[in-house]
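Please take a moment with the sequence and the structure shown here before reading on. The paragraphs that follow lead through the model step by step.

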Amino acid sequence: MLDVQARALLGGPLDRAAAMLDRPAVTPGRLTALGALTGLASAGCAAAGWWPAAAALWLLSRLADGLDGPLARRRGTAGASGAGGFLDISADFLVYGAFVVGVAVGVGGPALPFLLVLLAYYVNGTVFLAYSSLAERSGRRREEDRLSRGRSLNFVGGLAEGTETIAVHTLWCLLPGSAHTVAWVWAAVVGITAAHRVVTGYRRLR
């Protein structure tokens with residue numbers, strides 16, 4: 001829901017940061033790998049109950065994830081082969097799922113709300129990728145898909161997008177005592193987003 005505004009706000013700073021990082025040793029793929037590794041490390045810290053470290057590593061992971069695209073566009077390699085976009089989305093799914101598991105282990109107690117979050121992520125991700133593939137194949141990359149501009153994948157927006165996911169995962173680290181409540185609400189929001197994407201994607205592809 002907030003990705004368009006977030007990209008408008010952070011686009012300039014991320015581009016400037018990418019310019020500072022534009023050195024031969026720094027590549028978009030390495031930034032993606034750094035984001036994945038720090039994301040997995042944040043999940044491990046969450047599982048251990050080291051919440052400040054988990055929050056710091058999580059935000060560092062998302063920063064690295066936000067810089068690989070601007071660096072690729074700066075070098076003119078964005079979308080050249082699709083490999084970078086493929087690696088990026090694969091790393092995102094890995095990190096998001098691992099972090100939910102880490103938080104569930106770290107807070108203990110009933111696992112059901114976190115399992116529902118993972119289920120909602122699974123359905124949402126399936127719809128996300130299916131729509132992207134079919135929209136590209138059918139040539140129906142429409143003006144409404146405003147979130148997809150400058151990205152490797154074409155997709156439908158919704159209540160739960162990247163910005164909200166980063167915020168909720170950070171909130172788990174800041175308020176681990178309320179993690180179960182947050183997970184219940186978040187599972188519902190992601191589930192609503194998945195349902196919206198199913199309906200909207202179906203209508204657009206007809």
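Is Asp22 buried, partly exposed or exposed? Asp22 has a relative accessible area of 24% and therefore counts as partly exposed, since buried means under 20% relative accessible area, exposed over 50%, and partly exposed in between, with a 1.4 Å probe and protein chains only. This is a predicted model, in which local features need pLDDT of at least 70 and side-chain atom pairs count only at pLDDT 80 or more, while totals for chains, interfaces and linings use all residues. Residues are numbered from 1 along each chain as its sequence is written, and side-chain values use heavy atoms, with hydrogens and water left out.

The overall plan comes next. The protein chain has seven helices and zero strands, where helices (H or I, at least four residues) and strands (E, at least two) are DSSP runs numbered from the N terminus. Read from the N terminus on, the elements of the protein chain follow the order α-α-α-α-α-α-α. Of its 206 residues, 40% count as buried. Among the contacts in the protein chain with a separation of 6 or more, 77% are between residues 24 or more positions apart, contact meaning heavy atoms within 4.5 Å. The protein chain exposes about 10,600 Å², of which carbon and sulfur atoms supply 69%; accessible areas come from the Shrake-Rupley method with a 1.4 Å probe, and for residues only the protein chains shown count as cover.

Side chains of opposite charge can pair when their charged atoms come close. A salt bridge is counted here when a side-chain nitrogen of Lys or Arg is within 4 Å of a carboxyl oxygen of Asp or Glu, and by this rule the count comes to four salt bridges. In one of them, the side chains of Arg74 and Asp22 meet at 2.8 Å, N to O. This pair links distant parts of the chain, with Arg74 in helix H3 and Asp22 in the loop between helix H1 (3–21) and helix H2 (28–48), 52 residues apart. The side chain of Arg75 also meets that of Asp22 in a salt bridge, at 2.8 Å, N to O, and here Arg75 in helix H3 and Asp22 in the loop between H1 and H2 are 53 residues apart. Arg75 counts as partly exposed, because its relative accessibility is 31%.

Asp92 lies in helix H4 (residues 83–107) and Arg62 in helix H3, so the pair ties together parts that are 30 residues apart in sequence. Both Asp92 and Arg62 are buried.

Thr38 is found in helix H2 and counts as buried because its relative accessibility is 9%; not counting residues up to four places away in sequence, Thr38 touches Leu57, Leu60 and Ser61. Gly44 is also found in helix H2, but Gly44 is partly exposed, with a relative accessible area of 42%. Gly44 and Gly106 are 62 residues apart in sequence, and their C-alpha atoms are 8.9 Å apart in space.

The surface brings the tour to its end. A nonpolar surface patch of about 780 Å² is made by Leu112, Leu115, Leu116, Leu119, Tyr122, Val123, Trp184 and Val185. Helix H5 (112–138) and helix H7 (179–205) are the elements that give two or more residues to this patch, and H5 gives the most, with six residues. Patches are made of residues with over 30% relative accessible area and no salt bridge, like charges being joined within 9 Å and nonpolar side chains (Val, Leu, Ile, Met, Phe, Trp, Tyr) within 5 Å.
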